Each structure stands twice: as structure tokens, then as C-alpha cells.
Amino acid sequence: MTDGPRVSAAALDPATGETYASDEGLFVTASVVKVDILTALLQTARNAGRGLTAAEREHAEAMIVRSDNDAATALWQAVGRAAGLDAANARLGLTRTVADVRWGLTRTTAVDRVTLLRRILTPEGAVLDAQARAYVRELMERVVPEQAWGVPALADPGTRWTVKNGWLPRDATGLWVVNSTGCVTAGGRAYAVAVLSDGHASMAEGVARVEEAAREAVDVLARRAGNV
């Protein structure tokens with residue numbers, strides 16, 4: 001067992017395809033898995049040749065914008081629970097994300113998180129059509145202000161960002177899981193960024209470390225691109 005918090009960060013420069021990852025550790029998703037649930041829902045509806053129902057849209061908005069857990073559970077059930085989510089994520093190429101019977105305990109890596117962002121928010125390698133990608137982006141841009149920490153802290157002034165965060169105190173230890181995933185423009189360049197972490201004494205401590213790790217990951221890619 002390691003001492004102190006664990007942190008794993010990954011960043012992707014969609015323009016070049018360049019990726020940086022600090023490690024390949026597995027982490028509990030907490031609420032960042034809600035993006036997976038939404039993606040699985042959109043794939044399910046597309047495969048059935050239909051759009052989302054009014055109830056599905058209501059749940060999707062609550063799940064992403066406010067991180068509502070009851071809404072997430074309803075959609076988790078709609079997509080086939082763990083087996084349905086695993087099938088949807090396999091189609092996305094998420095090779096190390098494994099759903100749990102309790103959706104918030106799904107395990108993943110930072111690299112899988114940026115792969116998901118690329119697949120659902122950019123045209124390159126997209127599994128969603130343009131309308132569905134715009135819908136996901138619109139929800140992730142409207143996350144309530146008190147949840148707009150993590151990746152958005154990197155954003156250039158006046159630019160738009162997308163985010164879905166996750167946070168969870170573990171019952172066994174009292175220590176916090178704190179995660180942040182999203183897309184941001186930093187230094188005039190677009191990035192997809194994911195930071196996963198656990199073992200924090202408090203949520204505030206976790207948020208500060210996540211934001212630091214996100215900056216470090218983006219700085220690595222900026223240096224590689226000659227922008228620093």
C-alpha cells in the first residue's frame with residue numbers, strides 16, 4: 001500500500017495527436033463515469049434509430065450539469081448496467097476501464113479518460129455524430145459553478161471549457177478520491193485533460209493537487225509543441 005495521495009494525469013493535443021501520461025495506474029472513477037453513461041445512452045438510442053426521450057434528456061442534464069446521482073442510476077439501468085457500459089466502452093477503445101456493479105466504483109486510467117474525450121468531443125475518431133457531440137459538449141459546458149474546478153482552472157481568460165468532475169470519500173479510510181476530466185484552451189491551444197487521484201485527507205487538498213497535475217501535463221505537451 002502506498003503512503004500519501006496517488007495522482008495520475010494525462011493530456012492530449014488533438015491537433016497533433018500527441019499524448020502525455022504520468023502513469024497508467026487504475027483509479028475509481030466516482031462521478032467522471034457519468035460521461036461514459038451518457039455516451040452509452042447516446043449509442044443505445046442511435047442503434048435503436050431514435051433520439052433521446054424527454055425523460056432521458058432530463059436525466060442526462062441533471063447527471064452532467066449537477067452531477068445528480070439518482071439521474072445517473074436511472075440512465076445506468078437504461079444502458080444495461082455494468083455489462084452495457086463495458087460493451088459501450090469497448091466500442092470506444094477504452095481498454096482499461098472496467099465497470100463495477102456500483103457505477104461510481106468503475107475503474108479506469110487517465111489515458112482512457114482522454115481517449116473518451118477525444119472520441120466524443122472531437123471529429124477525429126469520433127463515435128458520435130456531430131449533433132450528439134454538440135449535445136455532450138453543451139452539457140459539459142454548463143456544469144454548475146461550484147463544480148467548475150479542476151481542468152477549467154487552466155483555461156485562458158474568455159475561453160470556453162468542458163468538464164466533468166468526480167469526488168468521493170472512501171468509507172474504509174475516510175480519504176478522498178478527486179478526479180477531473182475535460183477539454184480546455186490553455187496558452188492558445190486546445191487540450192483534452194484528465195487527472196485521477198485518491199488518498200487525499202480532504203476534498204480541498206485533492207482539488208489543489210488535481211489542478212497542479214493538470215497544469216503539469218499540459219505544460220509537457222506545450223513544451224513538446226514548442227509553445228513554451
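Tutor: Begin with burial. Of the 228 residues in the protein chain, 51% are buried. Keep in mind that this is a predicted model.

Student: How many helices and strands are there in the protein chain?
Tutor: The protein chain has 7 helices and 7 strands. Their order along the sequence is β-β-β-α-α-α-α-β-α-α-β-β-β-α. The radius of gyration is 16 Å, close to the 17 Å from the globule rule for 228 residues, so the chain is as compact as a globular protein of that length.

Student: What box do the C-alpha atoms fill?
Tutor: Along the principal axes, the box is roughly 45 × 40 × 30 Å.

Student: And the surface: how much of the accessible area belongs to carbon and sulfur atoms?
Tutor: The accessible surface is about 9800 Å², and 51% of it belongs to carbon and sulfur atoms. For charge, compare mean positions. The 25 positive and 27 negative charges have mean positions 5 Å apart.

Student: How do I read contact range?
Tutor: Look at sequence separation. Take the contacts between residues at least 6 apart in sequence; 62% of them join residues at least 24 apart. One pair shows how sequence and space can part ways. Glu146 and Arg66 are 80 residues apart in sequence, with C-alpha atoms 9.4 Å apart in space.

Student: Where does Glu146 lie?
Tutor: Glu146 is in the loop between helix 6 (130-141) and strand 5 (162-169). Its relative accessibility is 60%, and the cut-off for exposed is over 50%. Glu146 therefore counts as exposed.

Student: Now the sheet. What is the general idea for side chains?
Tutor: In a regular strand, side chains alternate between the two faces of the sheet. Next, ask which strands pair.

Student: Which strands does strand 7 pair with, and in which sense?
Tutor: Strand 7 runs antiparallel to strand 1 (residues 6-13), joined by 7 bridges. It also pairs with strand 6 (residues 176-186) in the antiparallel sense, over 7 bridges. Ala11 has Val193 as its bridge partner in strand 7. Gly182 also stands opposite Val193.

Student: What about strand 5 and strand 6: how many bridges?
Tutor: Strand 5 and strand 6 pair over 8 bridges, in the antiparallel sense. Within that pairing, Lys164 has Thr181 as its bridge partner in strand 6.

Student: How do I read the hairpins?
Tutor: Count the residues between the strands, then check phi. The hairpin of strand 6 and strand 7 has 2 residues between the strands, and Gly187 there takes a positive phi near 65°. At this end, Ala186 has Arg189 as its bridge partner in strand 7. The hairpin of strand 5 and strand 6 has 6 residues between the strands. There Gly174 takes a positive phi near 80°.

Student: Which residues other than glycine have a positive phi?
Tutor: Among them are Ala30, with phi near 50°, and Arg81, with phi near 55°. Locate each one next. Ala30 is in the loop between strand 3 (27-28) and helix 1 (33-47). Arg81 is in helix 4 (residues 81-92).

Student: One last residue. Where is Thr115 found?
Tutor: Thr115 is in helix 5 (residues 110-121). Apply the burial cut-off, under 20%. Thr115 has a relative accessible area of 18%, so it is buried.

Student: Which residues does Thr115 touch?
Tutor: Leave out residues up to four places away in sequence. Thr115 then touches Leu92, Gly93 and Leu94. Leu92 belongs to the range of helix 4, residues 81-92.

Key
Residues numbered from 1 in each chain as written. Predicted model: local features only at pLDDT ≥ 70, side-chain atom pairs only at ≥ 80, totals over all residues. Heavy atoms only, no water. Helix = DSSP H or I, 4+ residues; strand = E, 2+ residues; numbered from the N terminus. Rg over C-alpha atoms; globule rule 2.2 N^0.38 Å. Buried < 20%, exposed > 50% of the residue type's maximum accessible area, 1.4 Å probe, protein only. Contact = heavy atoms within 4.5 Å. Areas by Shrake-Rupley, 256 points an atom, 1.4 Å probe, with all protein chains shown as cover. Lys, Arg positive; Asp, Glu negative; His and termini not counted. Charge placed at Lys NZ, Arg CZ, Asp CG, Glu CD. Pairing = 2+ DSSP bridges.
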